[in-house]
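This report looks at charged side chains and the contacts between them. The sequence and the structure come first, and the account follows.

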Amino acid sequence: MPSYVVGRAEDIPPGQRRCVEANGRELVIFNIEGEFFALLDRCPHKGAKLSTGRLTGCIEAKGYGSYTLSSRGQTLRCPWHGWEYDLRTGRSYCDAERIKARKFEVQEVSGRQLVEGPYQADTFEVERDGEYLVVEM
């Protein structure tokens, strides 16, 4: 699958999000405590922009009156109808088997790695012999 540079990691501080475009698609990238997640910026339910949704946690109940908040800040709530999606998987908590937000892998790589690229040209030693240049192959 092709890779696209969508920005610098330092431009999205922890707890923030940024809308980007890659290959003609609108994505939203989230930085949750230094870990990056990307979703298609469109709710699969009715098409709302997920980038305007609220980040919450997942409430888990062990029994009546006993609950805990887990995965703090890793659940995204759609701004239109409140459907919730897990940032790690894109899965919906409303209809987990059928509905999920499109998720994309995010990698943080060094700028030098991006500049150098994946290919390397063959190089050869060049020597100067008086007024001539000599390449040994």
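## Salt bridges

Lys49, at a relative accessibility of 39%, counts as partly exposed, a class that lies between buried (under 20% relative accessible area) and exposed (over 50%), computed with a 1.4 Å probe on protein chains only. The model is predicted, so local features need pLDDT of at least 70 and side-chain atom pairs count only at pLDDT 80 or more, while totals for chains, interfaces and linings use all residues. Residues are numbered from 1 along each chain as its sequence is written, and side-chain values use heavy atoms, with hydrogens and water left out.

A salt bridge here is a side-chain nitrogen of Lys or Arg within 4 Å of a carboxyl oxygen of Asp or Glu, and by this rule there are 6 salt bridges.

| Pair | N to O distance |
|---|---|
| Glu26 and Lys49 | 2.5 Å |
| Arg88 and Glu35 | 2.7 Å |
| Arg77 and Glu84 | 2.7 Å |

Glu26 is partly exposed, with a relative accessible area of 43%.

The salt bridge between Arg88 and Glu35 links distant parts of the chain, with Arg88 in the loop between β6 (84-86) and β7 (103-104) and Glu35 in strand β3, 53 residues apart. Arg88 is partly exposed at 37%, and Glu35 is partly exposed at 34%.

Arg77, which pairs with Glu84, is partly exposed at 28% relative accessibility. Elsewhere, a network of salt bridges links Arg8, Glu10 and Asp11.

Definitions and conventions
Helices (H or I, at least four residues) and strands (E, at least two) are DSSP runs, numbered from the N terminus.
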